[in-house]
Each structure stands twice: as structure tokens, then as C-alpha cells.
Amino acid sequence: NETTVTEFILLGFSSNPALQLCLFGVFSVLYSATLMGNALVFVLICLDYRLHSPMYFFLCHLSIVDICYASNNVPHMLRNLLGQGRTISFAGCGTQIHLYLILALTECVLLAVMSYDRYVAICHPLRYTLIMNWRVCLTLATVSWAFGFIFGTLQASLALHLPFCGPCEVDHFFWKEINHFFCDMAPVIQAACTENNGIETVIFIFCIVVVFGSFLWILLSYVLIFNTILKIPSTEGKRKAFSTCASHLTVVVVHFGCASIIYLRPKSTCSLQEDTLISVTYTVVTPLLNPVVYSLRNKDVHLALRKSL
């Protein structure tokens, strides 16, 4: 006598009202800064012709991904922290998972594409405009979004086709608890009422293909980049070459570090507190990191901002 779930209840962070109010204030500030920072980077790149280059073209796409990524999870989380209801419909939960996977995987591929752009700029500077022409840039951006959409849709479909049983009934709605602050893949799969080891294995393989494949591409690009930089005779030349990669490397370390800890570590080592902390970093902090890192370290963005102001 199993009944299909129509709603999930997100347990969130804590039942302490004071702590919830504090977290609401912190996350509201971070979310607002994420929206404004990424929107500012996007607008500056569109308005200033000096930023119409392949590197900023991909950064523009990265800003779009970060705005959508944060907006997919954070507003509902803020609503829950205010005590406006912790429930989310099955369709809403499925949509949240689907968009979350598409955007996260798209960002992985975009970061790999940006590493290739840096490789061409440093290792083949005289042929940069020929290799990274606009047709190539549009193709690479399209491939990034296509990879994210295809692999994200496949993973979400596998997870959402599992049977979910609703042991609790309130006003003819059958619900089940999810011990998380948003509909993430792992806790939703754990809420299914059947054995799901095969589904978890398939999803793990998908993550390996996209996340680890993107990371290997980035690693290979930077091995070639560092090999070229070490051959530069002047110290100033080496410093300038390293500075062009520092921003991208910072974002790569944080993004792939969090993604690897969440999705590629053994399940036996997982703890709820660690997963929640890492997920908060991945969901709230990482989208803010991109505009901050690229803006603070980039003279071209500073000049574009002064000109626009």
C-alpha cells in the first residue's frame, strides 16, 4: 500500500529561530552580492569594446551560469529560513535538480574551455586571433551548454524515475523528508523506497566523465602553460604570464575541489554536517567568487568600470 509522494519537506539547517534569522541575513547579503557582481561583469563586457575578446566572452557565459545557478537554489532556501514553509512539490524538486545539474556541469566544461583559451594565449600568442576566432568561440560555448544539458538531463531523469513512497499524509498530500536545504541529488536518491545502488553507480560514472574529464583537460592545459612560462627568460615576463592564469586557477581549485568532495568521494566517508557545509560553499560562495576574483585582479575590468561610471 505505497503511495506516490507529491511533496518533499526540506529540513534545512536548524530549528533555532535566532540561528535561522542570522543565516537568512548572511545568505541574503551573499546572494545579492552574487547577482550584482555577476550582472556588473556581464554588463561591462557587453558595453566596453576593449573586453570583446574570447576570454571575456567565456567569462560572460560564466556569469550567466552563476546567476542562474544561485537563483535556482538560494531564493527557496531563504524562504525556508524565514519560516514560510519548508515544503516543495515533486515537480518543483525535479526542476531544481535538473537545473542544478545542467548549470553545475556546464560550468565545469566552461572552465575547461577557458583553460584552453589561456593555453592558446600563452603557448601560441602569435596565432591566438587565428585559432580563437569567433566561430570557434561560439562553437565551444555551445558545446559547453550542450554537454551540461545532455548529461544533466540524463542524471536527473534517472533520479526522478525512482519510486518515492509517502508514508505521511496531510490534507491528502503525501510527503517525505529530505535532510538538506535544497533538492540535491544524493538526499533525493536516498529518499527513494527501493534499492538504488545501480542508479548511484550510473550517476557516479556520469560525474566522472564530465567532472574528472574537464579537470584532466584543465590539468593538461596548465602543464603545457607552465612548461612554456618556465622557458620565458625574463622574470617580469614570467610574472605577467602567471598573472593571466591566477584568476582562472583560483576559481578552478574552489569549483572542482567542492565538486569532487561532494560527488566523487566514497559514500562511507560522508557526514550530514560536512555535506551541508560543502554544499553551502558550492551553492552560495562559489558563484560570488567568480566576479570578485576576476574583477579584483583584472585591470581591464577596472578601466571598463571607471569608464562606465
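Mentor: The discussion below concerns a predicted model.

Trainee: How many helices and strands does the chain have?

Mentor: The secondary structure consists of 10 helices and four strands. Along the sequence, these elements follow the order β-α-α-β-α-α-α-β-β-α-α-α-α-α.

Trainee: What share of the residues counts as buried?

Mentor: Of the chain's 309 residues, 45% count as buried. The chain exposes about 15300 Å², and carbon and sulfur atoms supply 69% of that area.

Trainee: And the contacts: what percentage comes from residues 24 or more positions apart?

Mentor: Such pairs account for 82% of the contacts with a separation of 6 or more.

Trainee: Changing topic, which residues does UniProt list as "transmembrane region"?

Mentor: The unreviewed UniProt entry lists several ranges under that name, including 97-116, 136-154 and 203-229.

Trainee: What does the model show over residues 97-116?

Mentor: Residues 97-116 are 100% helix and 0% strand, with the end C-alpha atoms 29 Å apart. Residues 136-154 are likewise 100% helix and 0% strand, and the end C-alpha atoms there lie 27 Å apart.

Trainee: Now the surface. Which residues form the nonpolar patch?

Mentor: The patch consists of Phe204, Ile205, Ile208, Val209, Phe212, Phe215, Leu216, Leu219 and Val223. Together they have about 740 Å² of accessible area.

Trainee: Where does Val209 lie?

Mentor: Val209 belongs to helix H7, which spans residues 197-230.

Notes. Residues are numbered from 1 along each chain as its sequence is written. This is a predicted model: local features need pLDDT of at least 70, side-chain atom pairs count only at pLDDT 80 or more; totals for chains, interfaces and linings use all residues. Side-chain values use heavy atoms; hydrogens and water are left out. UniProt positions are given in the numbering used here, feature names are shortened, and annotations may be inferred rather than shown by experiment. Helices (H or I, at least four residues) and strands (E, at least two) are DSSP runs, numbered from the N terminus. Patches are made of residues with over 30% relative accessible area and no salt bridge: like charges are joined within 9 Å, nonpolar side chains (Val, Leu, Ile, Met, Phe, Trp, Tyr) within 5 Å. Accessible areas come from the Shrake-Rupley method with a 1.4 Å probe; for residues, only the protein chains shown count as cover. A salt bridge is a side-chain nitrogen of Lys or Arg within 4 Å of a carboxyl oxygen of Asp or Glu. Buried means under 20% relative accessible area, exposed over 50%, partly exposed in between (1.4 Å probe, protein chains only). Contact means heavy atoms within 4.5 Å.
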